[in-house]
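Q: I'd like to learn how to read a few features of a protein model. Could you take me through some?

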Amino acid sequence: MPASVPRSLRQLCRQVLPLLMDRADGRRLLGDVEAVVETDRWNSFDRFHQTSQTLARRYEEAGAKAEVHPLQTGGRVGSGRWVIQEAQDVLGATLEVIAPVHQRLLDFQHNPWHVIQWTSGTPEGGLECELAIIDSREELEGKGRDALAGKMALTCLEPRTLMKLLADKGAVGVITDRPIAQLPDALAWSKFGWGAVPMEWTTARLVGLVLSQNQGKELRRLVQQRGPLRLRAEVEVRKYVGSHDVVSGLVRGADDPQDEVWVLAHSAEPGAVDNASGVAVCLEMARLLEALIAEGKLRRPRRSIRLLNAYECYGFFGYLEKVRRLQTPLAGLCIDTLGSRPEVCDGRLEWHATIPMSAGFVDRVGEAVLRAGLRLHNPGYRLHLTPFVSTSDTLIGDPQYGFPCPWITTHHRKSGRGFDAYHSSADTSELLSPEGLELCAASMAAYLYYLADAGSPEVGELARAETARTLELLRARPSPERAFFLCETHAENLRRLRRWLWGGERAPLMAHLNACEQEVNQMASRRIKPFKHGAGTRRVPRRTAPLSPTLENTPTPIAQRISGAGLPAWALFWADGRRDLAQIAALIGCEETAAVGGTGKKPAPGAAPVAQFFEAHAELGYAELAGPGELVTKARLVADLRKLGVRKGMDLMVHSSLGAIGFVAGGASTVIEALLEAIGAQGTLMMPSFNHRGAQVFNPLATPTTNGAIPDAFWRRSDAVRSLHPTHALAACGPRAEEFCRDHLERGIWAQDSPIGRLIHGGGYILALGTTHYTSTAYHVAENSMPCGCIDAFGNLDKVVRPEGRVEEVRGLAWRSGECPVSPRKLDETLDRRRLQRRGKVGGAEAELVRGLDLWQVRREHLKNACPTCTIKPGYRR
């Protein structure tokens, strides 16, 4: 294994991978494939629920925890969101010629591939109609209005693209005999829409049926021999408001089970290779890991591994959006169409990179594991490293809302056997290699285990490896645009790697990561040149919704503008609120260049299509655009803060709302820099870094805060100090940061010598920036001093990660069990009446500045008659 592969990864491949490989069982995997196909092949929601039951049972039998999360159908029409508008059960379908001869053509019960998904039903007793043969779009377009009234069209074309046109011509239904290359008896898997009928032709209603190429030839021959044919179609379907399931098999983490690595392997499709194979690999990975853990041969990983099976895109994206979690998954994997026999896929085992703007270090981790796996057990594959390809599931690699997600597949469609069974009834388990499935299950289990168990030492190794790789690419003297691309993607790798920090002292860890970033920045700065800006290209987009829209649920005019721009759907993900359109255009150009070999010669897209792309997304609600004159700048923020009364040398506690301030150039980091400049080098800035018990285990190096974008960016700074408290940590920057933050756990959450207490009694100030003092937790220091009987700083048990990496149970906050009878909303009224606070605007936000001791004294006055008689007690957890 090359020396460039981190030592911890080499160790995994020597020690863990062989254990997994020895356990993998190809026959068992094929059994899982058959069990999934048995119900999914019916392409009917009632059967999809049966698949869910099968998977849940098998995950439990494997030793994993099984969860089934139903996602309700329906959602905002025209929103771009990935929603399945209604469920559909297919109960039966037949088609027969009734004149001039009688002949049965198909029966759903004999082969469920005969029905187009989202077909309409027929009246009881069936629908009688004449057959019309139409094999070109031009022929169809040339027919007059209602030319097909009452007729059923037979076509060799893809029916989805003809649905609206056929309905407009009056057709009652369509039969497709679309050919499958060199498989004339196979039925094409056909759908009128992916997750629903696209809104552009959602009012169209057609019966949809499928014949094989040979069946279609026979039907055409019958027309030639006997003249016009009369058919009877009987299709029984039930459409309803229902649900589709997201099934999870959870290999629970030992230390922080809440933090997760995800696997996506879609179900709810009828094929064995696509994608019962991927679902089966998930089940096998759960078995391998849980068995080795149970036998004591493998320690339970630090974090959880969630193996997800659901409707492609719609299930995974809905689950990501609708199930609340403290933070996004760490990283993951897409498994789609896997384990084909070598002669079926030309021996290609493909490892597709994660989306270009996400953390690509996972690509190198997976590559190393797969190469090691092939050395141990190779059923005839060659590893092919390929650029990012959207499956669309892999759009979950969205760096802001998703996670890095490579794709493993044997989906190579020009096969050595000369045929392609993809999306057809020829996709059966005979095309699968038991040994190939074993290889993939064991290798990917090792990949997932490494990511779920990694800690600070692995972060250091991976950061150094990524830095060395990026420096090597920069030494090749890339174009200025390519150098910018490399610099940005390296920064994203380091940003994401910080999520894995576990144990160790913060300062040296941050110093190592900073050194890596500076090395790259220094070398890249020699190549990067100022961007040329044309009209409108200085506008900055920021995103306002997760993922990218499905055009099936997008109004036609907007969908046409998005698709007409000619940019990939994931181009949206380059918008981070910092980059302008000219920079994004350069990054898109480099990304596409990377997909064709990284020559740096392919030009970036023009200003007009990039602007059109983002303007259309802004109209749909997926982004906002601001020109230079509309951005709130650092200089303006500093001036506003000084006008409000913030002075150099001031110790300042800030509660904030980035949204209230406006569209800030550079985002949260700019606000922080403005605050630090306003208080100067002698002042100390403090912000809440609470998780409000959102974290089951508080890791001071990685647990996010729920206090908003500005505090979350603040604690992540390399010069920040973060206190240790399981639910209400504080972060500070400045000369008194260490002093303020020390011994928080031991002193208590809001004691007089807690971090906030020290700031208050040391003459510090409280700034509510886009908020009010109702959210200024400083007043709890006053409550604690009364003393109040409703807060117990040490009343509950919580968990923290110690510097040595050990999870320890500690005493933490027991918050009051009822609402305080004296509302803290009175604070502003009293402070204003006594002229103890200053009000003003900072950017677009209303701001309030008060001396901490004044707020403390006013709150005590408000409580002096209430606390002695108050009956509210702390809320103790059992």
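A: Happy to. Start with a rule for surface patches: a residue joins one if it has over 30% relative accessible area and no salt bridge, with like charges joined within 9 Å. Keep in mind that this is a predicted model.

Q: Which residues gather in a patch of positive charge here?

A: Here, Arg642, Arg647, Lys648 and Arg838 come together on the surface as a positively charged patch.

Q: Where does arginine 647 lie, and how is its accessibility read?

A: Look in the loop that links helix H18 (634-644) to strand E18 (652-656). Arginine 647 has 42% relative accessibility, so it counts as partly exposed.

Q: How do I check the span of a helix such as H20?

A: Take 1.5 Å times one less than the number of residues. For H20 (residues 668-679), with 12 residues, that should give 16 Å, and the end C-alpha atoms sit 17 Å apart, which agrees. Helix H17 (residues 607-620) has 14 residues and reaches 20 Å from first C-alpha to last, close to the expected 20 Å.

Q: How many residues of H20 are buried?

A: Buried means under 20% relative accessible area. In H20, 9 of the 12 residues are buried, so the helix is largely enclosed by the rest of the structure. Among them are Val671, Ile672, Leu675 and Ile679. On H17, the buried residues include Phe613, Phe614 and His617.

Key:
Residues numbered from 1 in each chain as written. Predicted model: local features only at pLDDT ≥ 70, side-chain atom pairs only at ≥ 80, totals over all residues. Heavy atoms only, no water. Patch = residues over 30% accessible without salt bridge, like charges linked within 9 Å, V, L, I, M, F, W, Y side chains within 5 Å. Areas by Shrake-Rupley, 256 points an atom, 1.4 Å probe, with all protein chains shown as cover. Salt bridge = Lys/Arg side-chain N within 4 Å of Asp/Glu carboxyl O. Lys, Arg positive; Asp, Glu negative; His and termini not counted. Charge placed at Lys NZ, Arg CZ, Asp CG, Glu CD. Helix = DSSP H or I, 4+ residues; strand = E, 2+ residues; numbered from the N terminus. Buried < 20%, exposed > 50% of the residue type's maximum accessible area, 1.4 Å probe, protein only.
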